[in-house]
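Trainee: I would like to learn how to read the features of a protein model step by step. Could you take me through a case?

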Amino acid sequence: MIHTRSLLLSIALAAFGMIGVALYLQHGLDMLPCPLCVIQRYLFIAIGIVALIGAYTRQPKLWTGLGLLAALGGLGTAGKHLWVLAHPGLSCGIDPMETFLNKIPTATYLPFLFRADGLCEDALAPWFGLSIPQWSFLGFGLFTLALGWLLIRRAR
């Protein structure tokens, strides 16, 4: 039987690992994040933080529920990213969303992590056979399943 704490810690580690991969793609492979990529980064970090908090509190279901909401938001954002990529006439490039995201204090103080300077179309480059938004969608899907399972299972 998997313990709640172990699974929440694994989820947190995986979510922060996704941020590590994003930073490698950005700084190691020079793939600048678009606004939708940055929103997904916020959601991966939110999942990681609430999973860590949930692992060490007496009310893990509350934090698991918040993590599930972030994972569902991530599925929606990654799904929109895939939709934009499937319709080449559209873009999420320089628009009001990018301007708004780049003025948030986290983008001002941590631009290496939260500044949106790329175009959605740049995420099409396959990485191990899938585009970056497909990997992100897969990650959010797995987090949704794991966090949902934690919420509906019976505690022992």
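This is a predicted model: local features need pLDDT of at least 70, side-chain atom pairs count only at pLDDT 80 or more; totals for chains, interfaces and linings use all residues.

Trainee: How many aromatic pairs does a search of the whole structure find?

Mentor: A pair of aromatic rings is described by the distance of the centres and the angle of the planes. The search of this structure finds 3 aromatic pairs. One of them joins Phe 44 and Phe 140, which are stacked with 4.0 Å from centre to centre and 10 degrees between the planes. This pair links distant parts of the chain, since Phe 44 belongs to helix α2 and Phe 140 to helix α7, 96 residues apart, and both residues are buried.

Trainee: Why is the pair of Phe 44 and Phe 143 edge-to-face?

Mentor: The planes of these two rings stand at 75 degrees, with the centres of Phe 44 and Phe 143 lying 6.1 Å apart, so the pair counts as edge-to-face. Because Phe 44 is in helix α2 and Phe 143 in helix α7, the pair ties together parts that are 99 residues apart in sequence. Phe 143 is buried, as is Phe 44, and ring pairs link Phe 44, Phe 140 and Phe 143 into a cluster.

Trainee: Which residues form the nonpolar patch on the surface?

Mentor: The patch is made up of Phe 16, Ile 49, Leu 52, Ile 53 and Tyr 56, which together have about 440 Å² of accessible area. Helix α2 (residues 35–55) contributes the largest share, 3 residues, and Ile 49 is in this helix, whereas Phe 16 is found in helix α1. Phe 16 is partly exposed at a relative accessible area of 33%, and Ile 49 is also partly exposed, at 41%.

Trainee: Is Arg 153 buried or exposed?

Mentor: Arg 153 has 13% relative accessibility and therefore counts as buried, the limit being under 20%. Arg 153 lies in the segment after α7, and a polar contact of 2.4 Å joins its side chain to that of Thr 4.

Note on methods
Residues are numbered from 1 along each chain as its sequence is written. Side-chain values use heavy atoms; hydrogens and water are left out. Patches are made of residues with over 30% relative accessible area and no salt bridge: like charges are joined within 9 Å, nonpolar side chains (Val, Leu, Ile, Met, Phe, Trp, Tyr) within 5 Å. Accessible areas come from the Shrake-Rupley method with a 1.4 Å probe; for residues, only the protein chains shown count as cover. A salt bridge is a side-chain nitrogen of Lys or Arg within 4 Å of a carboxyl oxygen of Asp or Glu. Helices (H or I, at least four residues) and strands (E, at least two) are DSSP runs, numbered from the N terminus. Buried means under 20% relative accessible area, exposed over 50%, partly exposed in between (1.4 Å probe, protein chains only). A polar contact is a pair of N or O atoms within 3.5 Å; within protein, one must be able to donate a hydrogen and the other to accept it, and residues adjacent in sequence count only if both atoms are side-chain atoms. Rings of Phe, Tyr and Trp (its six-membered ring) pair if their centres lie within 6.5 Å; planes under 30 degrees apart count as stacked, over 60 as edge-to-face and the rest as tilted.
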